[in-house]
Amino acid sequence: MSCFDIKNLNLYYGDFQALKGINMNILKNNITAFIGPSGCGKSTLIKSLNRMNDLIENCRITGKVELFGESIYGDMDVNLLRKRVGMVFQKPNPFPMSVYDNIAFGPRTHGIKSKPQLNEIVERSLQDAAIWGELKDRLGKSALGLSGGQQQRLCVARALAVEPEVLLLDEPTSALDPISTGKIEELLLTLKNRYSIIIVTHNMQQATRISDYTAFFLLGEVIEFGPTENLFSMPVDKRTENYITGRFG
């Protein structure tokens, strides 16, 4: 079953076409990686999946994007969409408040006020993000005092607190050290049992390690999309040649 069905998606910033005829079915409870050189459309597409591009002036989109069969560019409420499709950005961005309030922020926004219920959500979300043990005694402390890796896992927990169906991650480990990167990768492999995960990465090795499916982007187009093990099974020299020239197949 697909979580996202993308059909002939084109995106324009003014007169510039950033995405060209994207067609893709992204499967539920899998990790799908978007890879390719800078400026090729990876982040543009992922931000289209929860309508972050709505915030950009002169952005225009044609085509269809469906979340579990519902058009996200139809009558769907944007706030509901962003609850169902959570996002973690490249640079950790905890709010300047306590660890507890970072996690409770989303549920409170969606109407949950009960302290016992919020306590349960905070603990569950931090457990899900594999950081409860590190932070359970620091819930009242500022999130800005955490390490970079802890901040990023906190941001994952914050996204999970509103119980999304899909988790988007835009280069979530590019600013992290190898140990923190490994913890995030282990976390994602655990979370895919309950969430559909889409990750933008520049790192082909990371895509090989954690993703079930990989899409190669070049100049706003999807050059190849399929099971990761199939895409990376060709000889390295041939894959590199095809990746540069766009000749996959």
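1. A residue counts as buried here when its relative accessible area is under 20%. Keep that cut-off in mind while looking at this model, which is a predicted one.

2. Start with Gln 206, in helix α8, residues 204-210. Its relative accessible area is 3%, so Gln 206 falls under the 20% cut-off and is buried.

3. Now for the nonpolar cores. The largest has 41 residues, and the members touching the most others are Leu 126, Val 156 and Leu 167. Helix α6 (residues 148-160) supplies the largest share of this core, with six residues. Apart from it there's another core, of 28 residues, including Met 24 and Leu 81.

4. Not counting residues up to four places away in sequence, Val 156 touches Val 88, Ala 129, Leu 167, Leu 169, Leu 187 and Leu 191.

5. Helix α6 itself deserves a look. From first C-alpha to last, its 13 residues reach 19 Å, close to the 18 Å expected at 1.5 Å a residue. The helix is mostly covered, with 12 of the 13 residues buried. Among them are Leu 154, Cys 155 and Val 156, but also Gln 150, Arg 153 and Arg 158.

6. What does the covering of those buried α6 residues include? On the helix side there are α3 (99-109), α4 (115-128), α5 (132-135) and α7 (178-191), and the strands β6 (85-88) and β7 (166-170) take part too.

Conventions:
Residues are numbered from 1 along each chain as its sequence is written. This is a predicted model: local features need pLDDT of at least 70, side-chain atom pairs count only at pLDDT 80 or more; totals for chains, interfaces and linings use all residues. Side-chain values use heavy atoms; hydrogens and water are left out. Helices (H or I, at least four residues) and strands (E, at least two) are DSSP runs, numbered from the N terminus. Buried means under 20% relative accessible area, exposed over 50%, partly exposed in between (1.4 Å probe, protein chains only). A nonpolar core is a set of buried Ala, Val, Leu, Ile, Met, Phe, Trp, Tyr and Cys residues joined through side-chain atoms within 4.5 Å. Contact means heavy atoms within 4.5 Å. The expected span of a helix is 1.5 Å times one less than its number of residues.
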